[in-house]
Every structure is written in structure tokens, then in C-alpha cells.
Amino acid sequence: TVMADHRQSSINRLRRIEGQVRGLAQMIDDDRYCIDILHQLQAVKSALAKVESQVLKNHAAHCVADAIRSGDAEDQKAKFGELVELFEKVKR
């Protein structure tokens, strides 16, 4: 299914990020050049942002859409509130 594909894609990305983070720890332990470490940190942040975007899109496409289709005003309000709260955290 599409959801299973998205889930597996996110897991694969996170496993690659996990390896990148271990590599970063090794770079610091090896006293590598700071700019090289910073470039790798940027790559990890970018990769995490892609996973975040994928999960957010999936949430909007499924969880929020299901709440809208349900006609349940409380569920809709809760899902919208969760998104607003998330975006508030991102702004900080």
C-alpha cells in the first residue's frame, strides 16, 4: 500500500541518518576539520527535514483527511490543533 511504502521510505532514510550521525561522532572523535563536520551536520539536518516533510504530508493525507471525512467536529478540531501546535514549535 501507499502508506506502507511511505513508512518503509521513512525508516530507510532514518537508518541512513543513523549511520551519518555515527559517522559524525567518529569525525569529532578523530578531531576532523570543523568545516567538514559542519558540512556533515548540515547534510543530517537536511535529511531529517526530508523525513519530517514526508511524515507531515502523510499525516495530512491520511489522519487529517480522515478527520475531515468523518464529519466529527471534535476530531477535526483536535487534528487541526495538533498541526497548529507543531507549527508553533517549529517557529521557536
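Let me begin with aspartate 31, which counts as exposed because its relative accessibility is 69%; exposed means over 50% relative accessible area, buried under 20%, and partly exposed in between, with a 1.4 Å probe and protein chains only. This is a predicted model, in which local features need pLDDT of at least 70, side-chain atom pairs count only at pLDDT 80 or more, and totals for chains, interfaces and linings use all residues. Residues are numbered from 1 along each chain as its sequence is written, and side-chain values use heavy atoms, with hydrogens and water left out.

Aspartate 31 lies in the loop between α1 (2-29) and α2 (34-70); helices are DSSP runs of H or I with at least four residues, numbered from the N terminus. Although not a glycine, aspartate 31 has a positive phi of about 55 degrees. Most residues other than glycine have a negative phi.

I turn now to the helix pair. The axes of α2 and α3, lines fitted to C-alpha atoms over the stretch in contact, come within 8 Å and cross at roughly 155 degrees. Therefore α2 is roughly antiparallel to α3, a term for angles over 145 degrees, on a scale from 0 to 180 between N-to-C directions.

Which residues does lysine 79 contact, leaving aside neighbours within four places in sequence? They are His59, Cys63, Val64 and Ala67, where contact means heavy atoms within 4.5 Å. Lysine 79 is in helix α3 and counts as buried because its relative accessibility is 19%.

Terms used
Helix = DSSP H or I, 4+ residues; strand = E, 2+ residues; numbered from the N terminus. Parallel < 35°, antiparallel > 145°, perpendicular 65-115°, else oblique.
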